[in-house]
Amino acid sequence: MKSTDRIAATVLLLRGEGHDLEIYLVERSPKLRFFGGYLALPGGVLDKNDGSLQGDLAREEALRQCALRELFEETGIMLDQGLAGMAASDLDSLRHRLLAENPELAWQEQRSQQDGQDQLRELCRIRTPPFAPVRYDTWFYTAFLPPGQEPKIWPGELVGGRFWKPADAMQAWRAGELLIVPPVLMILSMLQAEDFETFRASTRAIADDYLRGRLHQVRFSPGILVASLHTPTLPPATTTNCIIVGEDSLYIIDPATPDPDEQERLFGLLDELRAEGRKLEAIILTHHHPDHTGAVRPTSERYDLPVRAHELTLSRLGGDFKRGEAISHGDRIALGMAPDSSDGWELEAIFTPGHDKGHLCFMENRYQSLIAGDMVSTISSIIIDPPEGHMATYLQSLQALSEREIGTLYPAHGPAIPRGGRIIAHYLQHRAERE
């Protein structure tokens, strides 16, 4: 574990079985900086009082204690059947003390009586991909709702919660009605199609592969996959996001990395997608900088793909590659059927010079997701370096983007962010204040 990791535990709270199986999802407050407005699982970061991480048995106990505490704090569900038999007012009092009044004393009271750990079954462990400087190293557990209990959300960091059938939650997400945190999306997609024991085994297998280096299939919104690849970019960023857009027909935006090992990880992901019956159509570039174009030639050669970009970008790429048609402002690329099965799904090119003379952004028209390249970053500022960069031109491009209704914004560096117009407005305000 690295020092930047935040150790966390979370619980898949389930009820029912078979086709009636449901999972409890909590809604995070839109005001939260981290995944505000998203649906997630009950859980949180390991507290110092949960126990020690020294030694496997101690670590397992501490993580389970964290999961039990967070489940109770956030939902009021008590897996310890002895404590669950307390009067409702006493349970509420304990929950209040855990949350505010005297958390350490209340924690000791709960833990001294707590024997609900046997109600938890370990599912998997997932680490946040390295697109953010702070990563969460999270253990996932499953537990079934105890008889006679119902979750109760107290407004604060959470603003709601309900049980969902996995297929219903996925359908609502594909319709653009919900935001769901990426690892929960993976879990829901596995949970809806398999019996429970097969779900546990297959989910554990995928998560273990992620820990061994397989690229996560990270999705913040339908039809867009983020592959975070290590590149020689500027700190604090260490990675560049390769964005894969489409469902049946896929476009690879900014294959990024010049590192052969990272390229192999990307190829592994692309091969997975092809094995699922998807077709790779083309490589598209936001601009020519090497942390965005390092894998262009090997990816083009391996999959026989044309490379498309603004004419200024194509003219500056070195080496042999399969040159495709240049892209101009307003050009539209047909994406086929959208994730919700609607027609007319397209990717629109938006010419946004300023950081780079040939810079393009791309917006898809179903969910208004914006692939922003290096126009903004969610972990740092953007360098405007003359003569390639031009501040007045960059601000004009930002202003043009601010006039659009943007859903999820995908930067080249850092995690995606919903309601992307907010970060563009922030960049405009920040630059104005500096002026």
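Let's start at the hairpin of strand 9 and strand 10, which has 3 residues between the strands, and where Gly 246 takes a positive phi near 125°. When I say strand, I mean a DSSP run of E with at least two residues, and a helix is a run of H or I with at least four, both numbered from the N terminus.

A word on the model before we go on. It is predicted, so local features need pLDDT of at least 70 and side-chain atom pairs count only at pLDDT 80 or more, while totals for chains, interfaces and linings use all residues. Residues are numbered from 1 along each chain as its sequence is written, and side-chain values use heavy atoms, with hydrogens and water left out.

Strand 9, residues 239–245, pairs with strand 10 in the antiparallel sense over 3 bridges; two strands pair if DSSP finds at least two bridges between them. Ile 243 sits opposite Ile 253 in strand 10.

What does strand 10 pair with in the parallel sense? That is strand 11, residues 279–284, over 5 bridges, with Leu 250 opposite Leu 280.

Next, a residue I'd like you to look at: Glu 348, in strand 14 (residues 345–351). Is Glu 348 buried or exposed? Buried, with a relative accessible area of 13%. Its side chain makes a polar contact of 3.1 Å with the side chain of Arg 404. For a polar contact, take a pair of N or O atoms within 3.5 Å; within protein, one must be able to donate a hydrogen and the other to accept it, and residues adjacent in sequence count only if both atoms are side-chain atoms.

Last stop: helix 12 (residues 391–402) and helix 13 (residues 421–434), which pack at about 145° with axes 9 Å apart. Axes are lines fitted to C-alpha atoms, for helices over the stretch in contact, and angles run from 0 to 180 degrees between N-to-C directions. Among the residues that meet are Tyr 394 and Leu 398 from helix 12, and Tyr 427 and Arg 431 from helix 13. Thanks, everyone!

Methods. Contact means heavy atoms within 4.5 Å. Buried means under 20% relative accessible area, exposed over 50%, partly exposed in between (1.4 Å probe, protein chains only).
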